[in-house]
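Look over the structure before reading on.

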Amino acid sequence: MKAMPGGRLMAKLVSSLGGLSSGAVRALVRAGGNAGDGVGGTVGIAGLEIVPPMVRLMAETVRVPASQSDAEVKQIERYLLMLIERYGVMRRAIDALGTGKRRHPLVSPDRAKAWQQTLAAVPAVADQTLAHHATLQVAVSKWMTAQGDSLEKKLDDHAAWMDGPLDENALNIEIAAAGPLSTNAPGESVREMVAPSASLTEEQEKDLALVRAAWLDDKRPGEPGAARRMPGEVREAVERLRGVNDARVKAYVAVACGEFAKTDEQMPMLDGRMPPAEFLTLQGDRLYFDKRFDDAAKVYRQARSQRDNLDSRKNLAMALVRCQRGSAAEHAKEAIDLLVDALRPMPTGTREWGRARTLLGMVWFSLHWGERDANIRHAIECFESAVESTKRETDPEWWAETYLHLGSAWHALPSGKVVENIQRAITCFSRAAEVWTREARPEEWATIQNHLGHAWERLPTGLREVNIQRAIEYFNAALTVRTREEHPAAWAQLQNNLGNAWIQVPGGERRENIEKAITHHSAALEVWSAQHRRSEWAATQNNLGNALALLPAQDDERERNLRRAIACYKAALEVRTRNGAPTDWAATLNNLGNALLALPKARGANHVDEAIDCFRKALEVRTRQAFPTDWAKTRANLGHAYALLDDDERRENLEEAVLCYQSALEVLTPTAYAHLHEHVMERLNEVQDELRKMR
């Protein structure tokens, strides 16, 4: 062979070998290649015809020296196909052989290591790397010579095929289509090497794959683990698998259904009969869905040491962001690093890249440490890049979900122009609803209705009464799907949301509206109490306190309502602690302070000092940098308290009130918060008038 192939052509060959993918092998099988009996033969698709010779080259050059027969080479070919399917590309398959993670009696570890070093090198210096392995270099040179002058064109055709258009129909191809790939490797049966169980039918394998992919592997940060509702198609697959007498299937079904005692019965029978990575992942899933996130993280870490891929990193990341022990900041940083590292080798703009970016955005969005604004902006960046790479025509479900998360991020963003942020959120939610319709996806549609209700409730522009009425309509629409019988927790949350909306209706009968709110909150509390949902119970107690504090009444009835409200806030604070839920703790303290200010002075002690203490504590969390709007509202409330504080330092109290009002108005501008701005300005003018009279 001429000198040229030894450099440039060798680089092409090594690059093609290392990147030989499971997708290429599946496409070869689909096109008629003979993968079930090795990979001999040819196929009439430009770009695929070089695949069988390359697999043959690899099989011939990693076999032990004593192995000579064609049948043995074909056996190694089949083993390589299994490894490519398992690890995704030839490079990682050879890594597994070279490191000893995978063994085969016909494969030489030393020859596998030689290939491992060659494929790990930069392709341009592959021939220099091969020079350290004389036997391998001779074998490769002979193979290249045998391929003839057409080799370079075949490699170019393969590269063009890899970069060419994708075939949607290929996505449903199962590896089983490649035939019964088997091996006699010591300690590794066919059941251990290949995911499908010999005792299962093709339909049962598909059902099991669906349960794993669409439920067990589909973990999301911020979700309550096993409390997440199972999609309908997954429930149907689980029901079909319930009668299957297979320990592996029983274990997966038990984890999916939260039947952990049944899982524990099956796991000992599976130890040693499943690939270590799969077994450890199943163990981790059992712990994760049982909400034992710290224990799950330890097991997922072991699983990742056996098989480091996107799924193993995702599992570990999702467990880390929900860990209860250790540093939440350190766990979150590791989770983000795991996903960022997983993204680096992915081609930008691909389907998997988009999904990983969405997941990374969800982690940023779920963080409760650091600067909330910066975290959400990171999330928005991830979601926006993900939605650009996700095609509605080919991936409508993921497209809709990414828009849902993007809308949630815009809705929660503390900084920027509130009107624009919420309008962006409404646009994103509406786009998601184009796919998640009530007919096609009722549960997801109900989720969007709930989000739209929250967005319209917060929209500060337009007619306030119209916005709140639209919010109520969206919450009621969601209730047509989320009934108390089928979705008690979601139903209770919507009752809570409706209660919050009704107290904000500016028109109509004020007392009647707030009484509706009290009815909704009381209904929600019945569910939260029955389900022992402490955080939701505390949130609803807080909201019920808001309704009672606003209920129009006179004299004794007014005081009774306020004292009931104060009791609700203090009950909520037993659960909403500063360490456990700092933002909720601050919100309830702010509300408690307002209720204390409203108590009649003539009855009992002066509660203004206690209210000032509540506001000052709330401002320790509600900082201007982290929560500018909440900070401004609490600063205004603190101003109200100082304006009411009537003691020997009246002038100093009024001057302090002026400072509070003025700082609050820096955020509560007439453009962004017209109603609040007007209210605070009125109070500021009143205080300044009193100060002028004192001069």
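**A histidine, its contacts and a helix**

Reader: Which side chain does the side chain of His 133 join in a polar contact?
Author: This is a predicted model: local features need pLDDT of at least 70, side-chain atom pairs count only at pLDDT 80 or more, and totals for chains, interfaces and linings use all residues. Residues are numbered from 1 along each chain as its sequence is written, and side-chain values use heavy atoms, without hydrogens and water. A polar contact is a pair of N or O atoms within 3.5 Å; within protein, one must be able to donate a hydrogen and the other to accept it, and residues adjacent in sequence count only if both atoms are side-chain atoms. At 3.0 Å, the partner of His 133 is Gln 117.

Reader: Is His 133 buried or exposed?
Author: Buried means under 20% relative accessible area, exposed over 50%, partly exposed in between (1.4 Å probe, protein chains only). His 133 has 19%, so the residue is buried.

Reader: Which residues does His 133 touch, not counting residues up to four places away in sequence?
Author: Contact means heavy atoms within 4.5 Å. With that exclusion, His 133 touches Ala 114 and Gln 117.

Reader: How many residues of H4 are buried?
Author: H4 is largely enclosed by the rest of the structure, because the buried residues number 13 of the 18.

Note on methods
Helix = DSSP H or I, 4+ residues; strand = E, 2+ residues; numbered from the N terminus.
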